[in-house]
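Student: I would like to learn how to read helix packing in a structure. Could you walk me through a case?

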Amino acid sequence: MIMNVLLFAVGFVCLIFGGDWFVDGASSFAKSRHMSPLLIGATIVSIGTTLPEVMVSSQAALKGSAGISYGNAIGSIICNTALISAITITANPSAISRKTLIMPVSFFFVSAAIYCFTAYTTGFFSRILGLIFLVIFACYMYTLITRGNSNDGDLGDEIKDMPLWKQWMYMVAGAGFIAIGANLLVDNGTAIASAVGIPDSVIGLTIVALGTSLPELITAINSLRKGVSSMSLGNVIGANLFNLILVSGMAMTISPFHIPTEKVLFGTNASLVLDIPVMLTVMLIMTVPTLLKERVERWQGILLLIIYFSFLAFQFLF
């Protein structure tokens with residue numbers, strides 16, 4: 001048990017460094033190819049910070065741990081929104097371009113509608129649905145690439161300049177550390193959950209979700225430090241979309257699964273009355289007022305933080 005905890009912690013550390021290195025290398029590569037800041041943030045950075053979730057959920061799906069695959073995707077969306085973006089919003093409320101957010105927000109809620117329809121009707125996430133989500137991901141990427149090469153601001157100081165060999169070294173080393181960390185996290189997270197009687201889905205929704213969201217947290221802290229909090233918010237929304245269509249899509253395609261039934265609340269599957277509604281609620285709180293006013297307000301961040309810590313406490317206490 002002690003060894004499992006130590007290896008779980010090592011997995012966390014690998015994910016932190018791996019995610020950071022991959023984002024640095026990939027962002028520098030994109031910048032050197034004169035890609036626009038919007039395209040870099042919405043594609044390279046978001047994919048880089050979502051790689052831990054992809055690797056963890058894929059590993060879990062291959063090993064039959066459906067609860068971790070399911071919980072990691074939803075838990076990461078909740079963590080990204082109600083913790084990471086909430087910290088950014090609370091610390092530095094700012095103006096946000098509606099044009100920058102409208103497309104990823106639209107794709108997210110369309111995908112969420114498909115996801116929720118499946119969860120509340122059949123409760124079975126099939127390989128066909130996984131492939132549909134991967135097609136949506138491809139369409140989103142194509143739309144960004146064809147539309148996104150306009151200049152939406154200068155992020156030159158935010159993205160490091162590196163020689164080509166160093167860019168590839170960072171990306172390869174980052175991807176390798178992410179793969180190692182994901183494997184350690186899934187194996188030892190499952191072992192810890194079994195040892196203490198915590199359901200896989202709770203581990204996925206909380207501890208694993210927080211661990212795989214650390215790259216987004218690092219991005220948020222760096223963005224705050226350098227005065228570009230809007231980049232962090234855009235990254236979080238992009239990462240949330242990728243969690244839904246890429247992370248979940250990959251897990252479903254590799255190993256279709258039923259919605260976990262380990263937790264019951266008010267006589268109903270807790271995922272249907274708690275996890276999914278919280279995911280939708282925090283995204284609505286973050287995006288709707290922002291799109292209407294073209295700025296984020298401190299009250300949004302405070303409310304999201306209250307929801308997150310209440311959700312976290314509820315998972316472990318009940």
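**Reading a helix pair**

Tutor: Gladly! H10 and H11 are roughly antiparallel to each other, a label for angles over 145 degrees. This is a predicted model, where local features need pLDDT of at least 70, side-chain atom pairs count only at pLDDT 80 or more, and totals for chains, interfaces and linings use all residues. Residues are numbered from 1 along each chain as its sequence is written, and side-chain values use heavy atoms, without hydrogens and water.

Student: At what angle do H10 and H11 pack?

Tutor: Two packed helices are described by the angle between their axes and the distance between the axes. Axes are lines fitted to C-alpha atoms over the stretch in contact, with angles from 0 to 180 degrees between N-to-C directions. Helices are DSSP runs (H or I, at least four residues), numbered from the N terminus. Here H10 (residues 270–293) and H11 (residues 298–317) pack at about 170°, their axes 10 Å apart.

Student: Which residues make the contact?

Tutor: Contact means heavy atoms within 4.5 Å. Among them are Leu274, Val278 and Val282 of H10, and Trp299, Leu303 and Phe311 of H11.

Student: Which residues of H11 are buried?

Tutor: Buried means under 20% relative accessible area (1.4 Å probe, protein chains only). In H11 these are Gln300, Gly301, Leu304, Tyr308, Phe311 and Gln315. They cover an arc of only 95° around the axis, so they lie on the same side of H11; the arc is that of directions from the helix axis to the C-beta atoms.

Student: Where is Gln167, and is it buried or exposed?

Tutor: Gln167 sits in helix H6 (residues 164–196). Gln167 is buried, with a relative accessible area of 2%.

Notes
Helix = DSSP H or I, 4+ residues; strand = E, 2+ residues; numbered from the N terminus. Parallel < 35°, antiparallel > 145°, perpendicular 65-115°, else oblique. Buried < 20%, exposed > 50% of the residue type's maximum accessible area, 1.4 Å probe, protein only.
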